[in-house]
Amino acid sequence: MLVLTIESSCDETSAAVVRDGQQVLANIVASQVDVHARYGGVVPELASRKHMQAISVVIDEALEKAGVTLDDIEGIAVTRGPGLVGALLVGLATAKALAFARNIPLVGVHHMEGHILAPLLEQEVAFPYLALAVSGGHSHLYRVDGIGRYQILGRTLDDAAGEAFDKVAKLLGLGYPGGAVVDRLAAEGDPAAIDFPRPLLHKDNFDFSFSGIKTAMLYHVKAQSGPIQGQQLKDVAASFQQAVVEVLCKKTLRAARQFDLQRIVVAGGVACNKGLRRMMAEMAAEQGREVFFPSPALCQDNAAMLGVAGNAYLEQGLCADLDLNARVNWPLDQVGATLD
Ligand code: ATP
Ligand code: MG
Ligand code: FE
C-alpha cells in the first residue's frame, strides 16, 4: 500500500511517502527551530501558524521526491496526538481534506508509536521488544508486543530526557534546543569531572526523574565566579550527559532483564545522542541483548515513522471518520481501543 504520512505535533512540519510500511520513498521535514530559538522554547501559536505555511509545501515536495502523485496514494496516516493542539489540528485538517477530496482512507497514529516503530523502516526487529522513548516530551519505557499492542512500564515523573538536555543547555548559555550541542561538547569532556546525582537509579521501578540533575546543574553554575567556558564547559557537559545516560541505560537494561525482553529499541530525538548510543550498546552486549537505534533522521520528528503503524492499520481497515479529532493527552497503551 502506498501511504502518505503527515506529522505536525510540535515544531516540525513533515510529510512522507511510505510503501508497504517498509520502504521510505520520501521523508521531507521543515523544522521551525529558528522561529522558536529566540524565545528559548516552542511558542504554540507560532508553531500552528508555521505549520499552516509549510504543510502543503512539504506534501508537494514529498510526492515529487517520491515520484508519485496524489492519484497513486492509497491511504493517509496522520499524527493524532499527543502534542500541541493547534499544531496537531493543522496536520489533521489537511489529512482529512485530502482523504475527503480523493476518497481515500485515513487513520490517526500516536506520535510515540511512530517513534518506537521507526527502526522497522530500516531493519527487522522481531516482537516483543522493549522500547526506550527519549524525546522532548517523553522518557518512557514500553513493552511492544506488536503494532498497536503497547504496555507502559515506566515514565518520567517530571522533566523528559530531552527537556533536561534543553534546559541544561540553556543554563550553560548554549541556546535552544541544546541537546545536540551538549552531545558535541561532551565528546571532548571528562564524564567523571562532576558527580551529578543519578535520580531513581536504585528505586525498584522503571520511572525516571531528571529535574534533580537540572537543579544540581543550576547550583553548579551559580557557584562559579564567572561563565563556564573552554575545557570546563566540556567537562560539565560530559558529566551531565553521563548522569542522564547512565540512569537511562541501567534502568532500561534492568527492565529488559525483569521482563525477559531480548531486543531493545531506543527512539526519539535523544536517541541521536552519541553517549547514549555507546553506553546502551555496551551494556546490552554485556547482557547478550540486541539493541536497535533508528538512524538520526528517523529519531528526530519526521512523518515517515508513522508509516509502519499507519500502513498496518489501513490494511486492516481500521480507518477513521472525517470527525477524527486531536488527542492532546493520549497514553500509548490506549491506542488499540481508540483508533477511530
Ligand atoms: P515528543 O516526541 O516527546 O513529543 P518532541 O517531538 O519535541 O517530543 P523529538 O523531536 O523527538 O521531541 O526530540 C527532540 C529532543 O531531542 C530535543 O529535546 C533535543 O534537544 C533532543 N536531542 C536531539 N539531538 C540530541 C542529542 N544528540 N543529544 C541529546 N538530546 C538530543
Ligand atoms: Mg521537535
Ligand atoms: Fe517526537
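**A buried aspartate and its neighbours**

Author: Gladly! Let us begin with one residue: with 25 C-beta neighbours inside 10 Å, aspartate 301 counts as buried. Please keep in mind that this is a predicted model.

Reader: Where does aspartate 301 lie, and what does it touch?

Author: A residue is buried if 20 or more other C-beta atoms lie within 10 Å of its own. Aspartate 301 sits in the loop between H10 and H11. Leaving out residues up to four places away in sequence, aspartate 301 touches Glu7, Cys10, Glu12 and Ser14.

Reader: Which residues does UniProt list under "binding site"?

Author: An annotation comes from a record and may be inferred rather than shown by experiment. Here an unreviewed UniProt entry places the feature "binding site" at His111, His115 and Asp301. They span 191 residues in sequence, but no two of their C-alpha atoms are more than 8.8 Å apart, so they gather at one spot.

Reader: Is histidine 111 buried or exposed?

Author: Histidine 111 is buried, as 26 other C-beta atoms lie within 10 Å. Histidine 111 belongs to helix H4. Apart from neighbours within four places in sequence, histidine 111 is in contact with Ser9, Thr79, Gly81, Pro82 and Gly83.

Reader: Now let me step back. How many helices and strands does the chain have?

Author: The chain has 11 helices and 10 strands. Its radius of gyration is 20 Å, close to the 20 Å that the globule rule gives for 340 residues, so the chain is as compact as a globular protein of that length. The C-alpha trace spans about 65 × 45 × 30 Å along its principal axes.

Reader: What share of the residues is buried?

Author: Buried residues account for 52% of the 340 residues in the chain.

Reader: Into which domains is the chain divided?

Author: Domain bounds come from an automatic or database domain assignment. In this chain they are domain 1 (2–116 + 299–339) and domain 2 (127–293). The centres of domain 1 and domain 2, taken over C-alpha atoms, are separated by 27 Å. Where the domains meet, 18 residues of domain 1 are in contact with 23 residues of domain 2. On the side of domain 1 that touches domain 2, helix H1 (33–37), H4 and H11 each supply at least two residues. By class, that side of domain 1 has 12 nonpolar, 5 polar and 1 charged residues.

Reader: Which peptide bonds are cis?

Author: A cis peptide bond joins phenylalanine 127 and proline 128, with omega about -5°. Proline 128 is in the loop between H4 and strand S6 (129–134). The bond from tyrosine 176 to proline 177 is also cis, and its omega is near -15°. You will find proline 177 in the loop between H5 and H6.

Reader: What about phi? Which residue other than glycine has a positive value near 55°?

Author: That is aspartate 20. Aspartate 20 is in the loop between strand S2 (12–19) and strand S3 (23–31), and is partly exposed, with 13 other C-beta atoms within 10 Å. Leucine 200, which is not a glycine either, has a positive phi of about 60°. Leucine 200 lies in the loop between H6 and helix H7 (211–222). With 19 other C-beta atoms within 10 Å, leucine 200 is partly exposed, since a buried residue needs 20 or more.

Conventions. Residues numbered from 1 in each chain as written. Chains lettered and ligands numbered in written order. Predicted model: local features only at pLDDT ≥ 70, side-chain atom pairs only at ≥ 80, totals over all residues. Helix = DSSP H or I, 4+ residues; strand = E, 2+ residues; numbered from the N terminus. Rg over C-alpha atoms; globule rule 2.2 N^0.38 Å. Buried ≥ 20, exposed ≤ 12 C-beta atoms within 10 Å, placed from the backbone. Contact = placed C-beta atoms within 7 Å. Nonpolar A, V, L, I, M, F, W, Y, C, P; charged D, E, K, R; others polar.
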